[in-house]
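Colleague: I'm new to this one. Can you walk me through it?

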Amino acid sequence: MASNKKRQNPTLSPTQELAVQALVEGLSVTDAAAAAGVTRSTIYRWQAEDFLFVAEVNHRRAEFRDACRDRIQRLADHA
């Protein structure tokens, strides 16, 4: 089961952490950049060149998907 606890990745900067969280929450690159206080081109560069950034976004999205799947399963079992 996925944890609701926020995972802190010491290899990412605090700015990157903000961008990751915004992207995982479903914000657009433009909105994620604004939330992190960087430009869109910075987010795009991180996505193209920073494998740790991409891995963290993918990891957190997978955790979110797992949590949603678990919740749907519990709701289906209850129904």
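**Helix packing**

Modeller: Helix α1 (residues 14–24) packs with helix α2 (residues 29–36) at an angle of about 145°, their axes 8 Å apart. Axes are lines fitted to C-alpha atoms over the stretch in contact, and angles run from 0 to 180 degrees between N-to-C directions. Helices are DSSP runs (H or I, at least four residues), numbered from the N terminus.

Colleague: Which residues make the contact?

Modeller: From α1, Thr15, Leu18, Ala19, Ala22 and Leu23; from α2, Val29, Ala32, Ala35 and Ala36. Contact means heavy atoms within 4.5 Å.

Colleague: How many of those are nonpolar, polar or charged?

Modeller: Eight are nonpolar, one is polar and none is charged. Here Ala, Val, Leu, Ile, Met, Phe, Trp, Tyr, Cys and Pro count as nonpolar, Asp, Glu, Lys and Arg as charged, and the others, Gly among them, as polar.

Colleague: Where does the model come from?

Modeller: This is a predicted model: local features need pLDDT of at least 70, side-chain atom pairs count only at pLDDT 80 or more, and totals for chains, interfaces and linings use all residues. Residues are numbered from 1 along each chain as its sequence is written, and side-chain values use heavy atoms, leaving out hydrogens and water.

Colleague: New topic. How many residues are in the largest nonpolar core?

Modeller: 14 residues. Such a core is a set of buried Ala, Val, Leu, Ile, Met, Phe, Trp, Tyr and Cys residues joined through side-chain atoms within 4.5 Å. Buried means under 20% relative accessible area, exposed over 50%, partly exposed in between (1.4 Å probe, protein chains only).

Colleague: Which helix gives the largest share?

Modeller: α1, with five residues. One of the residues with the most contacts inside the core is Ala19. Ala19 touches Ala32, Ala36, Ile43, Trp46 and Phe53, not counting residues up to four places away in sequence.

Colleague: And how many salt bridges?

Modeller: Three. The rule is a side-chain nitrogen of Lys or Arg within 4 Å of a carboxyl oxygen of Asp or Glu. Glu17 and Arg60 pair at 2.5 Å, N to O. That pair joins helix α1 to helix α4, 43 residues apart.

Colleague: Are Glu17 and Arg60 buried or exposed?

Modeller: Both are buried. Arg60 also bridges to Glu56 at 2.7 Å, and Glu17, Glu56 and Arg60 are linked in a network.

Colleague: Which pair is left?

Modeller: Asp66 and Arg69, at 3.1 Å. Both lie in helix α4, three residues apart. Asp66 counts as partly exposed because its relative accessibility is 31%.

Terms used. Helices (H or I, at least four residues) and strands (E, at least two) are DSSP runs, numbered from the N terminus.
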